Amino acid sequence: MMPNEAPHSTRRSISFAIVGSGGAGALTAGAILMEAAGKAGWYGIMNRSVGAQIRGGEAAALVRLSTRPVDCMTGSFDILIAIDWHNANRFAAEMPLAPDGLVIGDPANGDVPETIAGPGVSQAYIPFKELAGSLAGGRENMIAVGLFVGLMGLPIETVTSVIADKLSEKGEQAIETGCRCVQIGVQQAAQLGSSFTLETPATSQTGRWLITGNEAVGLGAVRGGIRFAAAYPITPATEVLEWLAPALTKVGGTLVQAEDELASISMAIGASFGGRPSITATSGPGLALMVESLGLAAASEIPIVVVNVMRGGPSTGIPTKSEQSDLNIAVYGCHGDAPRIVVAPLSVADCLFAAQWAVHLAEAMQVPTIVLSDQSLGQAQVVVDPPTQLAFIARRAVVETVEDEGYQRYALTGSSVSPMALPGTTGGQYTADGLSHTVKGIPSSNNLDHQSQLDKRHNKIAGFDYGNHWASIEDNGVAGADADFTILTWGSLTGAAREAMATLADEGIGVTLVAMRLIAPLLKDKLVAALEGAQRILILEQTHSGQFRQYLRANCDLPGEVQHFHRAGPQLIGPAEICTRIRNWRAS
Amino acid sequence: MNLAQSDTFKAADYRSGVSPIWCPGCGDFHVLLSFTKALAELGTAPENVAVISGIGCSSRIPAYTNCYGFHGVHGRALPLGAGLKVARPDLTVFVMSGDGDGFSIGGNHFLHACRRNVDLTYVVMDNQVYGMTKGQPSPTTEPDWDSALSPGGTGLRPFHPLVIALASGANFVAREFSGDIKSTTRTIVEAVRHPGFSFVEILSPCVTFRPDEKAWKNQVHVAAVQATDDPARAARRIMTDDGFNTGVLYRGARKPYDQHVKDSFADPAILEPEFAI
Ligand SMILES: Cc1ncc(C[n+]2csc(CCOP(=O)(O)OP(=O)(O)O)c2C)c(N)n1
Ligand code: SF4
């Protein structure tokens, strides 16, 4: 039993997986359970894992339900149900079972493979196929849904209503059969007995949301004022674009499918030059193609938002798995000195905040802004409380009327942000230019012009007030002499760090978390202040080479002792490993 | 067509005070002149015109106009212009650049701009050389043109932009010679008025690196036959001509791109019900 779980028969959080070959419906089963649990008052997170085959390969839904909001999966799973074992081995590493876990297979498919059945893990056999076959149109995945419902104690009426909703297009008969299968599963679970009952949630009237990180990025962007998007598909960012396409049309904006990323970023810049807040979304290979035009946006001071949903790199890398290794290209990628903003969401739910904030920052400073999400955030789906309305709205300084001949598009102002004339404004005509230019935008190779415009682009970002959104600084409630660990991380690893902190709190180990949301510019003074007095700092990142640590060390000195826990994807750094690192450090 | 200047604007009203960096005698001066005359003819206020370019001598043109301009990066003028037009359909958008910019580094965008058929006018000042980088062969240069980068010539078949444009779906295709101000002006006006993606290739001599192109003025001739609305016929004609016939060669009737950004917007809250469970 996990130390942070209630020491009685109900559990605050349960992680489970359901696997099956293509068409077995493992993902559908996971989706039904997530939605039903969300409706009934639990929080949850779900990741899908699919084989390399484009269609029809094996698939797994990895779900974690909890009475509290959850930002990450746990390192191990309590229950695994395999509709069949075809290629399930391939997932074995992704879904290690907890020592007191339970694995259920169909006796018709043979024994639980050794790679999956660890020591101490209980095994049970349920004849999915036979049970499903007893009903015309019966489906094994629905039997599995019933098993989970029975084992965890989810309310069956909620599950039934979700099924009715999801299968509404398939007709009454399909819904009826689906619900019958679930009942059969529930009966089977009753015979197994269960030590996996979920704690009852505080409320069952939730009004919660079910949303993925990629959708949340899209919604945050539109809430922030984005009305134009240009798109070239790439895993794992495509869903951002596919969500934006109809959404933008509904609000009066539009999405254009471009021929490549050179075009998509250029279209976004063109649209933004016209005054419409603009976005594009991509992953590493696309960002690599975009860097020249990022420099153009920086030099011509045209705001754009580029969402980069990171995957394993370099080159084509591991398209379907997460990594944080685009940090360097996001922060530095470009020739010349081309300041930009880089914002990283700290959780699936924070994707909305980060994207909306990014739009606000881009527009306020007329600067290219990168939202550095990753596959583990973008493609995960969560049940969350409905996000509050944020005050971040695109507000670009524009000139309404130009009185005289002297309009200076790149005027040196106190904030270093110069009001922009939008096409159509009489007397505001200027040429936006990637060439070094004068305050009027006229090409110039004069050293003073070059220097002063570079200063301006630097200063507008350096002098901006980012409030306290630059990082999330949290402690785990353990004070005093034991509170001597600090986890310093960024982006998606924040969830794992939070989880580890909660576990360590139960052991009396105090941990402070500094999770950076604003990656560039690096707010050195704020970071140093946040770390003041820190004695042992654990830097966490999902990169092979340690890009985050290098970036921090290049910019500031870190106090105390520093350890560095980093690893390439696809195996995500999990809460249990973080706990072990800190326990070992403490013991040493 | 009535080529009388509009009452409101003279060609000079479309010129900025910035003096061109072009070599004396460069064909692009004439293009700038025809362009400003065409704008005066169209009568669109300078602030409602946007001139988008890439990189090259020819791509310097936006700053020489009194319109809104964007001098972008090499090869990306078309998507820059398409993004602007889709976001701001009220503007008259021109994309203007060179043969290197448009057909080599930006070649892929050319194909897709023709297909997409966004209502804008693409003017390529084709001098069959990279002028700005001092004389290398471009996709439209003859195979035996000698240069330091390709001694003895590239040996490559020149690219046929007009045919490519037709095959890719451009809605209006014309060839002009920069020295023929009157015809070029008329064609630009027509290109703007024609809905969808209009492509005007202007033979514009690079007197510095292709002094041989000074002879073009004697070689060009007005297309002997009327423009057609059949792309296959137009393509056949262009494939078999001597490369010097000018005028409007093709007028299509394909529906222009129409998914524009609107002027007023709905509250994004309408998007939220899909997430509520
Ligand atoms: C990415 C990139 N590669 C190369 C260059 C160098 N470059 C500048 S202009 C040019 C060619 C321009 O040729 P063209 O478009 O025909 O214009 P022209 O100068 O002949 O008018 C090149 C290769 C560049 N600016 N950017
Ligand atoms: S180099 Fe050629 S194209 Fe460039 S300005 Fe001189 S003549 Fe014109």
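The model is predicted, so local features need pLDDT of at least 70 and side-chain atom pairs pLDDT 80 or more, while totals for chains, interfaces and linings use all residues. Residues are numbered from 1 along each chain as written, chains are lettered from A and ligands numbered from 1 in written order, and side-chain values use heavy atoms, without hydrogens and water.

Trainee: How many residues of chain A are in contact with chain B?

Mentor: Contact means heavy atoms within 4.5 Å. On the chain B side, 48 residues take part. Their partners in chain A number 60 residues.

Trainee: Which three residues supply 20% of the area that chain B buries against chain A?

Mentor: Buried area is the accessible area (1.4 Å probe) that two parts lose on being put together, summed over both. Between chain B and chain A that comes to about 4500 Å², with 63% from carbon and sulfur atoms. The three that supply more of chain B's part than any other three are Tyr68(B), Phe275(B) and Ile277(B).

Trainee: Which residue of chain B meets Glu259(A) in a salt bridge?

Mentor: A salt bridge puts a side-chain nitrogen of Lys or Arg within 4 Å of a carboxyl oxygen of Asp or Glu. The rule finds three across this interface. In one of them, at 2.5 Å from N to O, the partner of Glu259(A) is Arg116(B).

Trainee: What is the polar contact distance between the side chains of Thr133(B) and Gln136(B)?

Mentor: A polar contact is a pair of N or O atoms within 3.5 Å; within protein, one must be able to donate a hydrogen and the other to accept it, and residues adjacent in sequence count only if both atoms are side-chain atoms. For Thr133(B) and Gln136(B), the side chains are joined at 2.5 Å.
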